[in-house]
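Here is a short report on one protein chain. Look over the sequence and the model before reading on.

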Amino acid sequence: MVMAEGVTTIEENAFSGCSNLKRVVIPSSITTVGEGAFNSCLKLTSINVTSLVEIGTNAFAGCTSLKSMTRSDTLTTIGANAFMDSAITRLDLGKSIATVSATAFNAMNKLEDVYIWRSEYSDYQTNANRKPNVPDQNDDSVWGSNIGDAHVHWDNELKINGTVI
(Lines give C-alpha, C1' and ligand atoms only; values in the text may rest on other atoms or scores of the structure.)
Protein backbone atom coordinates (compact mmCIF):
# COMPACT_ATOMS: atom_id res chain seq x y z
CA MET A 1 0.00 0.00 0.00
CA VAL A 2 1.27 3.46 -0.89
CA MET A 3 -0.35 6.33 0.98
CA ALA A 4 -1.07 9.71 -0.61
CA GLU A 5 1.29 12.64 -0.07
CA GLY A 6 -0.24 15.39 2.07
CA VAL A 7 -1.64 13.17 4.84
CA THR A 8 0.16 13.94 8.13
CA THR A 9 -1.17 11.31 10.55
CA ILE A 10 -2.21 7.68 10.35
CA GLU A 11 -5.01 7.66 12.87
CA GLU A 12 -5.51 5.34 15.82
CA ASN A 13 -6.44 1.77 14.71
CA ALA A 14 -6.66 2.92 11.06
CA PHE A 15 -5.50 -0.40 9.59
CA SER A 16 -5.71 -2.59 12.67
CA GLY A 17 -6.37 -6.21 11.75
CA CYS A 18 -6.05 -5.72 7.96
CA SER A 19 -5.20 -9.34 7.27
CA ASN A 20 -3.98 -8.94 3.65
CA LEU A 21 -1.81 -5.83 4.07
CA LYS A 22 1.79 -6.82 3.18
CA ARG A 23 3.81 -3.65 2.64
CA VAL A 24 3.37 0.01 3.57
CA VAL A 25 5.13 3.00 2.02
CA ILE A 26 4.55 6.04 4.18
CA PRO A 27 4.95 9.39 2.35
CA SER A 28 7.22 12.10 3.72
CA SER A 29 4.21 14.18 4.82
CA ILE A 30 3.22 11.64 7.48
CA THR A 31 4.91 12.30 10.82
CA THR A 32 2.77 10.25 13.22
CA VAL A 33 1.54 6.67 13.28
CA GLY A 34 -1.25 6.55 15.84
CA GLU A 35 -1.91 4.06 18.58
CA GLY A 36 -2.66 0.58 17.21
CA ALA A 37 -2.64 1.88 13.61
CA PHE A 38 -1.31 -1.39 12.14
CA ASN A 39 -1.92 -3.65 15.13
CA SER A 40 -2.26 -7.33 14.16
CA CYS A 41 -1.64 -6.88 10.42
CA LEU A 42 -0.39 -10.44 10.26
CA LYS A 43 0.98 -10.37 6.68
CA LEU A 44 2.71 -6.97 6.91
CA THR A 45 6.40 -7.58 6.10
CA SER A 46 7.94 -4.11 5.73
CA ILE A 47 7.35 -0.46 6.48
CA ASN A 48 9.03 2.68 5.25
CA VAL A 49 9.22 5.24 8.09
CA THR A 50 11.80 7.72 6.79
CA SER A 51 9.82 10.83 7.82
CA LEU A 52 8.14 9.71 11.03
CA VAL A 53 8.51 11.65 14.27
CA GLU A 54 6.32 9.46 16.48
CA ILE A 55 5.26 5.80 16.50
CA GLY A 56 2.36 5.30 18.90
CA THR A 57 1.61 2.62 21.46
CA ASN A 58 0.89 -0.78 19.87
CA ALA A 59 1.32 0.77 16.40
CA PHE A 60 2.83 -2.42 14.92
CA ALA A 61 2.16 -4.85 17.79
CA GLY A 62 1.16 -8.31 16.66
CA CYS A 63 2.59 -7.82 13.16
CA THR A 64 4.19 -11.24 13.32
CA SER A 65 5.53 -11.13 9.72
CA LEU A 66 7.04 -7.63 10.02
CA LYS A 67 10.72 -8.16 9.20
CA SER A 68 12.05 -4.76 8.21
CA MET A 69 11.70 -1.09 8.99
CA THR A 70 13.67 1.65 7.25
CA ARG A 71 15.65 4.09 9.37
CA SER A 72 14.22 7.50 10.23
CA ASP A 73 16.50 10.34 11.29
CA THR A 74 13.42 12.31 12.37
CA LEU A 75 11.96 9.68 14.73
CA THR A 76 11.91 10.98 18.31
CA THR A 77 9.33 8.81 20.10
CA ILE A 78 8.42 5.11 20.15
CA GLY A 79 5.39 4.16 22.23
CA ALA A 80 4.88 1.19 24.53
CA ASN A 81 4.61 -2.21 22.82
CA ALA A 82 5.09 -0.50 19.43
CA PHE A 83 6.75 -3.55 17.85
CA MET A 84 5.73 -6.28 20.28
CA ASP A 85 5.70 -9.75 18.69
CA SER A 86 7.14 -8.55 15.37
CA ALA A 87 9.77 -10.49 13.39
CA ILE A 88 12.18 -7.55 12.95
CA THR A 89 15.80 -8.69 13.14
CA ARG A 90 17.55 -5.29 12.96
CA LEU A 91 16.44 -1.91 14.32
CA ASP A 92 18.22 1.32 13.48
CA LEU A 93 16.59 3.98 15.61
CA GLY A 94 18.17 6.95 13.83
CA LYS A 95 19.83 10.06 15.20
CA SER A 96 16.82 11.86 16.65
CA ILE A 97 15.44 9.22 19.03
CA ALA A 98 14.63 10.77 22.41
CA THR A 99 11.98 8.60 24.08
CA VAL A 100 11.50 4.85 23.92
CA SER A 101 8.59 3.76 26.09
CA ALA A 102 8.45 0.74 28.35
CA THR A 103 8.17 -2.60 26.54
CA ALA A 104 8.48 -0.97 23.09
CA PHE A 105 10.42 -4.00 21.86
CA ASN A 106 9.04 -6.70 24.14
CA ALA A 107 8.61 -10.21 22.73
CA MET A 108 10.76 -9.57 19.65
CA ASN A 109 12.30 -13.03 19.60
CA LYS A 110 14.01 -12.59 16.24
CA LEU A 111 15.73 -9.28 17.09
CA GLU A 112 19.50 -9.55 16.61
CA ASP A 113 20.83 -5.97 16.48
CA VAL A 114 19.62 -2.58 17.68
CA TYR A 115 21.48 0.58 16.66
CA ILE A 116 20.97 3.68 18.79
CA TRP A 117 22.62 6.81 17.39
CA ARG A 118 22.58 9.06 20.43
CA SER A 119 23.42 12.59 19.37
CA GLU A 120 22.95 15.95 21.08
CA TYR A 121 19.60 16.84 22.61
CA SER A 122 19.89 20.60 22.99
CA ASP A 123 16.24 21.44 23.60
CA TYR A 124 15.06 18.11 24.94
CA GLN A 125 13.37 18.02 28.33
CA THR A 126 15.41 15.61 30.42
CA ASN A 127 14.46 13.45 33.36
CA ALA A 128 15.84 13.68 36.90
CA ASN A 129 19.05 11.87 35.93
CA ARG A 130 19.76 14.51 33.25
CA LYS A 131 19.53 11.91 30.50
CA PRO A 132 16.96 11.69 27.71
CA ASN A 133 14.65 8.69 27.95
CA VAL A 134 16.80 6.53 25.69
CA PRO A 135 16.94 2.97 26.97
CA ASP A 136 19.90 1.47 28.71
CA GLN A 137 20.93 -1.76 27.00
CA ASN A 138 20.09 -3.73 30.16
CA ASP A 139 16.68 -2.15 30.77
CA ASP A 140 14.20 -5.05 30.68
CA SER A 141 11.27 -2.62 30.95
CA VAL A 142 12.09 -1.44 27.41
CA TRP A 143 13.67 -4.45 25.78
CA GLY A 144 11.54 -7.00 27.58
CA SER A 145 12.79 -10.38 28.58
CA ASN A 146 12.12 -12.10 25.29
CA ILE A 147 14.45 -10.49 22.75
CA GLY A 148 16.81 -13.40 22.51
CA ASP A 149 20.50 -12.62 22.10
CA ALA A 150 20.08 -9.15 20.59
CA HIS A 151 23.07 -6.83 20.66
CA VAL A 152 22.57 -3.14 21.40
CA HIS A 153 25.08 -0.89 19.61
CA TRP A 154 25.72 2.68 20.78
CA ASP A 155 27.43 5.15 18.47
CA ASN A 156 29.05 7.59 20.89
CA GLU A 157 28.83 9.41 24.19
CA LEU A 158 25.56 11.05 25.06
CA LYS A 159 25.63 14.86 25.10
CA ILE A 160 23.14 17.46 26.27
CA ASN A 161 23.89 21.05 25.29
CA GLY A 162 27.37 19.96 24.28
CA THR A 163 28.20 18.38 27.65
CA VAL A 164 29.02 14.68 27.86
CA ILE A 165 26.88 13.05 30.52
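This is a predicted model. Start with aspartate 85, which is partly exposed at a relative accessible area of 35%. That value falls between the 20% limit for buried and the 50% limit for exposed, so the middle class applies. Aspartate 85 sits in the loop between strand 7 and strand 8. Its phi is positive, about 70 degrees, although aspartate 85 is not a glycine.

Most residues other than glycine have a negative phi. Asparagine 58 also has a positive value, with phi near 60 degrees. This residue belongs to the loop between strand 5 and strand 6. Asparagine 58 counts as partly exposed, at 25% relative accessibility.

Which residues make up the aromatic cluster? Phe15, Phe38, Phe60 and Phe83 form one cluster. A pair of aromatic rings is described by the distance of the centres and the angle of the planes. The count of aromatic pairs comes to 3. Among them is the pair of phenylalanine 38 and phenylalanine 60: the centres are 5.2 Å apart and the planes meet at 5 degrees, so the pair is stacked. The cut-off for stacking is an angle under 30 degrees.

This pair links distant parts of the chain, 22 residues apart. Phenylalanine 38 is in the loop between strand 3 (32–33) and strand 4 (46–48). Phenylalanine 60 is in the loop between strand 5 (54–55) and strand 6 (68–69).

Phenylalanine 60 also forms a stacked pair with phenylalanine 83, at 5.6 Å centre to centre and 5 degrees between the planes.

| Residue | Relative accessibility | Class |
|---|---|---|
| Phenylalanine 38 | 0% | buried |
| Phenylalanine 60 | 0% | buried |
| Phenylalanine 83 | 0% | buried |
| Leucine 75 | 2% | buried |

Each of these values is under the 20% cut-off, so each residue counts as buried.

**Around leucine 75**

Leucine 75 lies in the loop between strand 6 and strand 7. Where does valine 53 stand relative to leucine 75? The two are 22 residues apart in sequence and 4.0 Å apart in space, C-alpha to C-alpha. Valine 53 is also one of the contacts of leucine 75, once neighbours within four places in sequence are left aside. Leu52, Glu54 and Ile55 are on that list too.

Strands of a sheet pair through backbone hydrogen bonds, either parallel or antiparallel. Here an open sheet of 3 strands runs in the order 2-4-6, with parallel pairing. Which strands are at the edges? They are strand 2 (23–25) and strand 6, each of which pairs on one side only. Strand 4 and strand 6 pair in the parallel sense over 2 bridges. Isoleucine 47 has methionine 69, in strand 6, as its bridge partner.

Conventions:
Residues are numbered from 1 along each chain as its sequence is written. This is a predicted model: local features need pLDDT of at least 70, side-chain atom pairs count only at pLDDT 80 or more; totals for chains, interfaces and linings use all residues. Side-chain values use heavy atoms; hydrogens and water are left out. Rings of Phe, Tyr and Trp (its six-membered ring) pair if their centres lie within 6.5 Å; planes under 30 degrees apart count as stacked, over 60 as edge-to-face and the rest as tilted. Helices (H or I, at least four residues) and strands (E, at least two) are DSSP runs, numbered from the N terminus. Buried means under 20% relative accessible area, exposed over 50%, partly exposed in between (1.4 Å probe, protein chains only). Two strands pair if DSSP finds at least two bridges between them. Contact means heavy atoms within 4.5 Å.
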